[in-house]
Amino acid sequence: MSVIAPNFKLSGFIKSIIDDAVWFLLIFSLIGFPVVMMVLFVIPMPVIDGELLTPFLAFTYLADPTRTLPIVQAFMTTDMFKIMAFPGFGFAALLAAGTIFVERKMLAKLQLRVGPFYCGKVEGILQLAGDGLKLISKEIIIPAKADKPIFWAAPVLFVASAAAFVALIPVAPGWVVADVDMGLLAVFAVIGFFPIVTILSAWSANSKFPFIGGIRALFQMVSFEIPLILSLLGVVMVTGTLNLSEIAASQSSFPWIVFLPVGAIVFFITMLAELERIPFDLPEAESEIVAGWLTELSGMMYGLVQLGTYLKLYAFAALFVVLFLGGWNGPMIVPPFPMELATEGIELGPVTAKIGGLEPLLTEVITQEMLNGTLMFVLKTVGVIFFILLPRGVFPRIRVDMLLNLGWTKLIGLAFVNIFIALALVYAGVLGPGGLQ
Amino acid sequence: MTAELPPGLAIQKVDERIMTLNVGPQHPGSGHMRIIVQIDGDYIVACDPDPGYVHRGEEKMAEYRNYITNIPHLERPVIHDSCNALYPYVLGVEELLGIEVPERAKYVRVICSELNRCIYIMYWLAIYGIFLGHSTMFMWPAGDRELLIDLMEKISGARVTHAHFVPGGVRNDLPPNFEEVCLRQVNYFEKRIREYAAVFYDNPILISRTQDTGVLSREDAIRLGTTGSVLRASGVSYDLRQKEPYDVYEELDVHSPVMKEGDSYARSKIPWLDMLESCNIIKQALQKMPKSGSVRVKLKPNPKGKGLDSVYKRVESGRGSLGCHIVSDGKVEPYRLKLSVGSFRNLIALPYLLKGEKLGNMPSVYWSLNYWPVEADR
């Protein structure tokens, strides 16, 4: 231990902690407390559950923590919570972080390596946090002849587009940030935004390798968008709606992959290309064009693009789940919550455990259906993400001309085959209005 | 503009459509060199390989050291293939000094050089994998290489730069029980590299990427003076182990692989077949080797050549024929030492192969030439 901190003394350590605490209290009481009071003087306080919410109520929460439950419930139904935490950004970022970790460990196992190991003691679980810290602390270098405003804006726009994509995904019944009637159309619009951001970033860097990478990305994304959109038309035909929540709800008895496997395959392949994953990672082909359109990005700009990439990966996998694998539908495996805890109380020997005020939260917000739907959705999404990651260990990269050939001839042809299958199913009355659904 | 240009300089006309790319020296796909590539869209118009970034003056250095102290630095150009890199020098010095090598030492040399060939090709294959974006094909050979490196460590004590061959034999005898360990490891290694076919050589994407790209015809291969795997991939059966057998290769059964296509795929498959052949040769040598005996002739301190004399010896290294021309003027140091390396000969084919190819084919064609930049610069 002495190697890590040779001059460590417990008394000095305790003294420094006490010093910090004293300084914190001093600054808070002199500046923070007056500021809070002034803000409270100006802003009208909300009324929740017939009770004026004032900071002084916080002292009563100490005596009875169950009094916070209505506030938690009110917060969970706000748009802010949906955007920031559950079906939106926080949830997606958590899954994306998990994806990065799983990708590294899985690839390592495939290649007879260990993968991240030391950071965080347990199997390198904190490696991502370490990488993030490193990226944040690195200097951002901008090429001298770059178009600086656009170059700065591109990574931010990339993450914003990915987050907009995430916002359209319904996770559980009623749990979606933006429940648009033209949801699928909105998805196409957001997907169409990525090549623009990519070429903006690549071109504004004013460097050769990013330029070639950007052109490649543009080719790839634009030529694969057509089979992507065509492959989803079959689903729209049999459901008759563009709303993603309704599409997910329509698969309560069977997922569409049963009837439209061709469309699912085409969508999966185009998804790999849109995500620039191996074997379609031409825009980042390192042995030809260094890192492609990411070459000049440094520090947290690169980190933002990586974050956006993995958010996009999650969103595409989730879209696949919603459209072809039945979204949140699945067997009910989450056990019902013991409601006696909220109403009568559970007798645990001499004491009776009872949490008052829990009942509205459990019946209105965190229901059994919502938990089960989320679990089903996450399980399916993780499965799809696994299949997106797997080709990286098995395939080499393909070439631009082969890629374009694949996109423009084979995949578009297959997508039309899928459309005809869907048409036949609808006309035969198997699916659609009056059919099985 | 009327001023006359100095000789050797010329003004190049710049075409708006043509973009000049400096691939290297700081580029993940170049090695220790630069390839100046001119592209028109996705097609390569012209290619100018520019080696010389790792020139170390090995040949000049050899003129200031005696025949024994030259050993450790002459293997530096290709440290993975160090036994093969030393082989022609050692053969040449033996002829200059008139030394007769013991039989067992010759077999030990053959085993070492075949093990080293496999070690080199595994490294080459790993980089070929990463050049094609196949990261598993980088990790697997890099891991399986350890088997043979462990064997070489048992023999020589060092993991890469062995300096094991000396004029008059090899430095040390084989360790006890080596034959069984070697046979076991080599058998496992052979089984393992056969598995690479499933993930790499039979991979449809790899085949479609490398087949019919960078085709080198049989006539061009001979005209440009390529050697080794590049020559054999173009249909010329030319292997020095068969054509000019040195040491005990004539007593062994060598079947050097030959393919007719001459494209990147054939050039990338020949070294893999070479490894299988090397395993075969090692097993034969282990069987035929005398079980005991001396492995080294004791030399006098500071051995000298006999008057004005010169000798040229060449062997089949991992990259093709590797020649060593030693000129002696009767002193303890060589008067001149010239290495003729396979890498540089194969690099000559690069501009011809890349012209008209797509940019995406550049890494696969370049690395399939079995080129090691450090060896080419010496």
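User: So a helix here is a DSSP run of H or I with at least four residues, and helices are numbered from the N terminus. Which helix is the place of I419(A)?

Analyst: That one is in α17(A), which covers residues 400–427 of chain A. Keep in mind that this is a predicted model.

User: Is I419(A) buried or partly exposed?

Analyst: Partly exposed, because I419(A) has 19 other C-beta atoms within 10 Å and a buried residue needs 20 or more.

User: What does I419(A) touch, leaving out residues up to four places away in sequence?

Analyst: L230(A), L233(A) and G234(A).

User: Which residues of α12(A) and α17(A) meet?

Analyst: From α12(A) you have V262(A), G263(A), V266(A), I269(A), T270(A) and A273(A). Their counterparts in α17(A) are G407(A), L411(A), L414(A), A415(A), V417(A), N418(A) and I421(A). Sorted by class, this contact has nine nonpolar and four polar residues, and no charged ones.

User: Another helix pair, then: what about the axes of α7(A) and α9(A)?

Analyst: Those come within 9 Å and cross at roughly 160 degrees. The cut-off for roughly antiparallel is over 145 degrees, so α7(A) counts as roughly antiparallel to α9(A). In residue terms, α7(A) is 148–167 and α9(A) is 194–204. The crossing is left-handed.

User: Who meets whom between α7(A) and α9(A)?

Analyst: I150(A), F151(A), A154(A), L157(A), F158(A) and S161(A) sit on the α7(A) side of the contact. On the α9(A) side there are F194(A), V197(A), L200(A), S201(A) and S204(A). That contact divides into eight nonpolar and three polar residues, with no charged ones.

User: Zoom out a bit. How many helices and strands are there in chain A?

Analyst: Chain A has 17 helices and four strands. Its C-alpha trace spans about 70 × 65 × 50 Å along the principal axes. Of its 437 residues, 36% are buried.

User: And what share of the chain A contacts between residues at least 6 apart join residues at least 24 apart?

Analyst: 76% of them.

User: Now chain B. What's the strand order in the sheet with β1(B)?

Analyst: It's β1-β2-β3, an open sheet of three strands with antiparallel pairing. Both β1(B) and β3(B), the latter at 43–50, are edge strands with a single partner, so each has one side without a neighbour in the sheet. From one strand to the next, the twist averages 20 degrees.

User: How many bridges link β2(B) and β3(B)?

Analyst: Seven, in the antiparallel sense, with β2(B) running over residues 34–40. At one spot D40(B) is opposite Y43(B) of β3(B).

User: Where does G52(B) lie?

Analyst: In the loop between β3(B) and α1(B), which is 58–62. With 13 C-beta neighbours inside 10 Å, G52(B) is partly exposed. Its C-alpha is 8.5 Å from that of V374(B), although 322 residues separate the two along the chain.

User: And the sheet with β7(B), what's the order there?

Analyst: β6-β7-β8, again open and antiparallel. The edge strands are β6(B), at 308–317, and β8(B), each pairing on one side only. Direction ignored, neighbouring strands are turned by 10 degrees on average. Helix α3(B), residues 82–97, packs on this sheet and touches β6(B) and β7(B), its direction making about 150 degrees with that of β6(B).

User: What's in the hairpin of β7(B) and β8(B)?

Analyst: Six residues between the strands, and G330(B) takes a positive phi near 85 degrees. The strands, 320–329 and 336–340, pair over five bridges, and I326(B) is opposite L337(B).

User: Last one: how many residues does each chain bring to the contact?

Analyst: 27 from chain B and 24 from chain A. On the chain B side, β1, α4, α5, α7 and α14 each supply at least two. That side has 14 nonpolar, 10 polar and three charged residues.

Methods: Residues are numbered from 1 along each chain as its sequence is written. Chains are lettered from A and ligands numbered from 1 in the order in which they are written. This is a predicted model: local features need pLDDT of at least 70, side-chain atom pairs count only at pLDDT 80 or more; totals for chains, interfaces and linings use all residues. Two residues are in contact if their C-beta atoms, placed from the backbone, lie within 7 Å. Ala, Val, Leu, Ile, Met, Phe, Trp, Tyr, Cys and Pro count as nonpolar, Asp, Glu, Lys and Arg as charged, and the others, Gly among them, as polar. Two strands pair if DSSP finds at least two bridges between them. Axes are lines fitted to C-alpha atoms, for helices over the stretch in contact, and angles run from 0 to 180 degrees between N-to-C directions. A residue is buried if 20 or more other C-beta atoms lie within 10 Å of its own, exposed if 12 or fewer, and partly exposed in between; C-beta atoms are placed from the backbone. Angles under 35 degrees count as roughly parallel, over 145 as roughly antiparallel, 65 to 115 as roughly perpendicular and the rest as oblique. A crossing is left-handed if the near helix is turned anticlockwise from the far one by less than a right angle, and right-handed if clockwise.
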